[in-house]
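Please give me a short report on how the side chains pair up in this structure.

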Amino acid sequence: MAALGSKETILTAMKRVYRYQAQNQTRSVVRRSGKTRFIKDTDWERGVFWSCVSAAWLATDDNEYLDGVMNYTLHTGFRPGPNDRFADDHICCQAYLDVYPLIDQIEALEPTIKALDLMVESPQAGRKDWWWCDSLFMAPPAFAALTQRTGDPKYLDYMNTAFWDSVEHLLDPETGLFYRDYRYIPDGNGGELREANGNKVFWSRGIGWVLAAVPRLLARMPADYPHREKYLALFTSLAAEVIKYQQADGFWRTSLLDPDNFPAPESSATALFCYGFAWGIKHGHLDAETYLPVVETSWAALQTCIHDNGMMGWVQLPAFNPRDVAFEHNIDYGAGAFLLAATAVADLVS
């Protein structure tokens, strides 16, 4: 594991990326239509970052991360985003629930309870609420964590049912990879969107969200929960597919089946895969002989994405499919994904 560097160097890189992003949070993004969308603190771009900062605090016990998360939660008033049943508006709850034991005031839980009760009390199919693969990272860990904090199993049980219905909808049985959403699922009439080379569209970051969701779910799930092994089976099978598409430079491209269409490296998917593989090795779910070289090369690749000032580059901007990337592209969730990777790699070398 010497190729990964020391724990100290890993934590130093993590802190550099955190400090830059915390001080330079993205305020707006330009849509494909050319219109500008301003980012709220409860939007998913910001929520992913601070939920990953809370993961950094849990992994390191470093109060600099805790102070940042506490400032974020107090600023948002522990509120989820404004849209009912919308996974992207639930990711911020993961940060709230991580720090809740330090607050221990029921008022801090109430907004999350209200948002998730709305779904639990009026259940719908997972493929209806969580119809895009990113959602499996954004919402399910919050449901599991709310059971963890309240002791009420209804949130975890609801999540488990909805999660597997979404998986059944989005998982391609031919490749073992996940479609981003219904637009890419073959309809038998050729109406689905395809890559320029004619292949199915499998977007690396979308699949990265799914792989990275499993460790975050298992950390919030009782050790004796009867469905744990099913999540691990999904994790190991998806890892075995994803590993096939790493490129020689250590990165994954935005499109797994058409890497030449957008040949630039992409850091957010690479970080999510690096996180998942490092976690899997550490916990004995992935074979080190096979996966450690992949972690080493992807971690080395991620170091080349960090600008001199700590800015994380090569982050594909908000999208729902593969697109081009530039070294100057930076946004909050890209730094968050790097923090996850760093926590897992640091744990692996310790």
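Trp 164 counts as buried because its relative accessibility is 14%. Buried means under 20% relative accessible area, exposed means over 50%, and partly exposed lies in between (1.4 Å probe, protein chains only). The model is a predicted one: local features need pLDDT of at least 70, side-chain atom pairs count only at pLDDT 80 or more, and totals for chains, interfaces and linings use all residues. Residues are numbered from 1 along each chain as its sequence is written, and side-chain values use heavy atoms, with hydrogens and water left out.

**Aromatic rings**

Which ring pairs with Trp 164? Tyr 231 does, in a tilted aromatic pair with 5.0 Å from centre to centre and 55° between the planes. Rings of Phe, Tyr and Trp (its six-membered ring) pair if their centres lie within 6.5 Å; planes under 30 degrees apart count as stacked, over 60 as edge-to-face, and the rest as tilted. Trp 164 lies in helix α9 (residues 154–170) and Tyr 231 in helix α11 (residues 228–242), so this pair ties together parts that are 67 residues apart in sequence. Helices here are DSSP runs (H or I, at least four residues), numbered from the N terminus. Tyr 231 has 0% relative accessibility, so Tyr 231 counts as buried.

The charged end of Lys 230 sits over the ring of Trp 164, 4.4 Å from the ring centre. A charge sits over a ring if NZ of Lys or CZ of Arg is within 6 Å of the ring centre and within 35 degrees of the ring normal. Arg 183 also has its charged end over a ring, that of Phe 320, at 4.3 Å from the centre.

How many aromatic pairs does a search of the whole structure find? The search finds 25. One of them joins Trp 44 and Trp 209: the ring centres are 6.4 Å apart and the planes stand at 85°, so the pair is edge-to-face. Trp 44 belongs to helix α2 (residues 44–60) and Trp 209 to helix α10 (residues 204–218), so parts 165 residues apart in sequence are tied together. Both Trp 44 and Trp 209 are buried. Ring pairs also build a cluster: Tyr 18, Phe 49, Trp 50, Tyr 65, Tyr 72, Phe 78 and Tyr 96 are linked in this way.

**Salt bridges**

Side chains of opposite charge can pair when their charged atoms come close. A search of the whole structure finds 22 salt bridges. Each is a side-chain nitrogen of Lys or Arg within 4 Å of a carboxyl oxygen of Asp or Glu. Among them are these:

| Salt bridge | N to O distance |
|---|---|
| Glu 64 and Arg 19 | 2.8 Å |
| Arg 85 and Asp 129 | 2.8 Å |
| Arg 194 and Glu 192 | 2.9 Å |

Take Glu 64 and Arg 19. Glu 64 lies in helix α3 (residues 63–76) and Arg 19 in helix α1 (residues 7–23), so the pair ties together parts that are 45 residues apart in sequence. Glu 64 is partly exposed at 27% relative accessibility. Arg 19 is partly exposed at 40%. A network of salt bridges links Lys 15, Arg 19, Asp 62 and Glu 64.

Is the pair Arg 85 and Asp 129 buried or exposed? Arg 85 is buried, and so is Asp 129.

**Asp 332**

Asp 332 lies in helix α14 (residues 332–349). Its relative accessibility is 0%, so Asp 332 counts as buried. The side chain of Asp 332 makes a polar contact with the side chain of Arg 46 at 2.7 Å. A polar contact is a pair of N or O atoms within 3.5 Å; within protein, one must be able to donate a hydrogen and the other to accept it, and residues adjacent in sequence count only if both atoms are side-chain atoms. What else does Asp 332 touch? Leaving aside neighbours within four places in sequence, Asp 332 is in contact (heavy atoms within 4.5 Å) with Gln 21, Asn 24, Gln 25, Thr 26, Glu 45, Arg 46 and Phe 49.

**Cysteines**

A search of the whole structure finds zero disulfides, a disulfide being a pair of cysteine sulfur atoms within 2.5 Å. The closest cysteine sulfur to that of Cys 52 is in Cys 92, 13 Å away, which is too far for a bond. Cys 52 counts as buried at 1% relative accessibility. Cys 274 is in no disulfide either; the nearest cysteine sulfur, that of Cys 305, is 11 Å away. Cys 274 counts as buried at 0% relative accessibility.

Terms used. Helices (H or I, at least four residues) and strands (E, at least two) are DSSP runs, numbered from the N terminus.
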